[in-house]
Structure formats: C-alpha cells, structure tokens
Amino acid sequence: LAVRAGSYADELVKTAKSIASPGKGIMAMDESNATCGKRLASIGLENTEANRQAYRTLLVSAPGLGQYISGAILFEETLYQSTVDGKKMVDVLTEQNIIPGIKVDKGLVPLAGSNNESWCQGLDGLASRTAAYYQQGARFAKWRTVVSIPNGPSALAVKEAAWGLARYAAISQESGLVPIVEPEILLDGEHGIDRTFEVALKVWAEVFFYLAENNVFFEGILLKPSMVTPGAECKERATPEKVAEYTLNLLKRRIPPSVPGIMFLSGGQSEVEATLNLNAMNQSPNPWHVSFSYARALQNTCLKTWGGRPENVKAAQDALLTRAKANSIAQLGKYTG
Ligand code: 13P
C-alpha cells in the first residue's frame, strides 16, 4: 500500500504496535523543567538537575516496570541524561523492554486574535530535532496542545491546534518517530458531559481532516485523547460506565480503525478514577488498543512516597508498580479494585 511515511513506514507500524500491546500502556514522565519544578516543590524539593535526575532514575529503574509499561515519554533533558549510577536513562528503559519517547513541542503561548486561548509552538527546526532524537534512541514523539471549553473553544483555536498536530505528525514520521497526537481538551469548567462530547467531536473531526491533508500514515500514529467527562467544576459527576459510553461513542464516530492505539491522558483525574474509567472502556471489544499514557495518575503516590529521601526509593517504586499494574489490568478490562 502506498504511503508517504517514507522509508520508515514498516518501522513505524512495528513501533506503534509494540507500544499498543495487550496489557500495556505508556508512562508519561516528560514534564517540562517548569512543570517538574512544581511537582518537586510539592514535596519540598528544589528544582535542580540533580533532583530531577534522582526522581527520574527512580521511575525508569523500578524493577519489572516493563511488564506493564511499553513506552516512556521523556523530556529532552532526560533523553540525554544518565541515571544517578551513570547509566544512560534510555539504556535502562531499553533493558526493561520499554521504548523511549520524546516530548517535542515547545509549549503553549497565547493565541493572538482568540478568546484568551493558546497555541503550541515547536515546528521551526523540528525536522532536525526529530532526526537527532531518533539517533539518541527515541522511537516515538509527543506534541501536546490544548483546547479550553470555558474559553470557547473558538474555531480559530481548534483549527490551529489541529493543523499544528498534523504538521508535527508528518515531520515525526519522516524521522522514524511514531507521533502521539494529543489535543488535550482541558477538564477545567462547569460544563456537563454533553458539552465535552460536542467539543470533542469537533476537535477530532478537524484533527483527522488535517492529518489526512498532510498525508500522515494512520497505521503509524498513536492518539492521546482526554476522556469525555463533565468539567472539573460541574456538580453532576459521571460514573465510569457513563464516561466509557461517551468516550467510546466519540472514538467510534471519529477515529478510523487503522489507528493502532488510543492512549488516554489522566488530565487531573485521581489515580483510582483513571484506572476505573479505563477499565470501563475495556468491557467490550473495540477496533483499537484502548490504554493509558498517564503522568499524574501513575506518579502522584509514588512522588509523595519518595519525598526526596533515598531510603524511600523502594517504597516509591512499589507505589508506581501498583498503579502501573492496576492500569495494565484495566487495559485488559479485568480490574476489580
Ligand atoms: P496527565 O496524565 O497527568 O494528564 O499527563 C499526561 C500528559 O503527558 C499530558 O500531556
């Protein structure tokens, strides 16, 4: 079949399929230095390179993590960094059978002409960066842009988000990196679940329109959607069954079955909520691999347990493994609490 993903088409399919394998998901540990600083501040630590290295060493070397985690998304610093014992972080992941990935966007800035919305930077020079990241061992990439429901979303913001994702995806594929396509629809707001559903239908329609227009090879991408839930400040909460019903409806109406994996973000849900919602979505067969790419919902307890103390490393790794295992079971639809 003719594709434009260039010489990497077969490899892209292979990478995407191994990430989307049964019982496995992604560990997002690609917090920018600013975001990582907030996480470290929450346990009273300074945002130094040594502290970021110590924490990320703990994550990548959790024994047996590769049973549940097939890919780890890194921030650029970590891709080039060694662990506290002097091994390359990417080598530790590869030994665990975890594929290294890289966050390639340059973050959000105000979108001029919009309703206080944002756009995501990073396309300038991207092709040379993705080529270098591949050389360094990365095999997939992430670009996170956001859509705000309370601020609109304006047609302009949705179009910009979709176009940026599509350009990034085409560029990543030409460097051999499987692009994770992530238009995060932020949880913030008082709106109900029907409004989230309506916005998600619009956003994903535009994303796939521009992905197709940019000749992106669907068999070689992964998606990172937000689940369809009520806004965080909405009084009416939704059960996991309801979240699953709405979210699966969205996928059925908008996502072609050629896309191998749908790796949800947790977006501020609690650890258990994120696991229960994932489990509910895997109660019936679907054409994709419906799984997780969580940061906070894998790391929250782990980070608190660690608290920056070397004597807590093992307990913190156990906390990470507990969440990873629970989500692995939820990916198989067999989580019982
Ligand atoms: P959360 O799971 O904490 O939302 O983070 C996932 C992520 O990587 C957002 O881009």
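The largest nonpolar core holds 95 residues. Such a core is a set of buried Ala, Val, Leu, Ile, Met, Phe, Trp, Tyr and Cys residues joined through C-beta atoms within 7 Å. A residue is buried if 20 or more other C-beta atoms lie within 10 Å of its own, exposed if 12 or fewer, and partly exposed in between, with C-beta atoms placed from the backbone. The core members that touch the most others are I26, A72, L165, A169, I221 and L222. Helix α7 (residues 155-174) supplies the largest share of this core, 10 residues. Helices (H or I, at least four residues) and strands (E, at least two) are DSSP runs, numbered from the N terminus. In soluble globular proteins, nonpolar side chains tend to be buried together.

The model is predicted; local features need pLDDT of at least 70, side-chain atom pairs count only at pLDDT 80 or more, and totals for chains, interfaces and linings use all residues. Residues are numbered from 1 along each chain as its sequence is written.

One of the core members, I221, was examined for contacts (C-beta atoms, placed from the backbone, within 7 Å). Neighbours within four places in sequence were left aside. I221 is then in contact with A16, A169, V178, P179, V181, V216 and V259.

The strands form a barrel. It is closed by 8 strands in the order β1-β2-β3-β6-β7-β8-β9-β10, and the pairing is parallel. Two strands pair if DSSP finds at least two bridges between them. Strands of a sheet pair through backbone hydrogen bonds, either parallel or antiparallel. Strand β1 (residues 25-29) is joined to β10 by 2 bridges, and the two run parallel. Here I26 stands opposite S293 of β10.

Strand β3 (residues 99-103) includes G101. Because 5 of the 5 residues of β3 are buried, the strand is largely enclosed by the rest of the structure. I99, G101 and K103 point one way from β3, while P100 and I102 point the other way. On one pairing, β3 meets strand β2 (residues 69-74) in the parallel sense over 4 bridges. A72 stands opposite P100 in this pairing. β3 also pairs with β6 in the parallel sense, over 3 bridges. There K103 stands opposite K142.

G101 itself is buried, with 32 other C-beta atoms within 10 Å. Its contacts, leaving aside neighbours within four places in sequence, are G71, A72, I73, L74, A138, R139, F140, A141 and K142. G101 and K142 are 41 residues apart along the chain, yet their C-alpha atoms are separated by 7.5 Å.

Strand β9 (residues 261-264) was examined next. G261 and M263 point one way from β9 and I262 and F264 the other way; all are buried. Strand β8 (residues 222-223) is joined to β9 by 2 bridges, and the two run parallel. L222 has G261 as its bridge partner in β9. Between β9 and strand β10 (residues 289-294) there are 4 bridges, again with the strands parallel. I262 stands opposite V290 of β10.

β8, helix α9 (residues 240-254) and β9 make a right-handed β-α-β unit. A crossover is right-handed if, with the strands pointing away from the viewer, the path from the first strand over the helix to the second runs clockwise. β9, helix α10 (residues 271-281) and β10 make a right-handed unit as well.

Several backbone features lie in loops. Most residues other than glycine have a negative phi, and most peptide bonds are trans. N97, in the loop between α5 (89-95) and β3, has a phi near 70°. N97 is partly exposed, with 13 other C-beta atoms within 10 Å. N215 has a positive phi of about 55° and lies in the loop between α8 (193-213) and β8. The peptide bond from G152 to P153 is cis, with omega near -20°. P153 is found in the loop between β6 (140-147) and α7.

Methods: Two residues are in contact if their C-beta atoms, placed from the backbone, lie within 7 Å.
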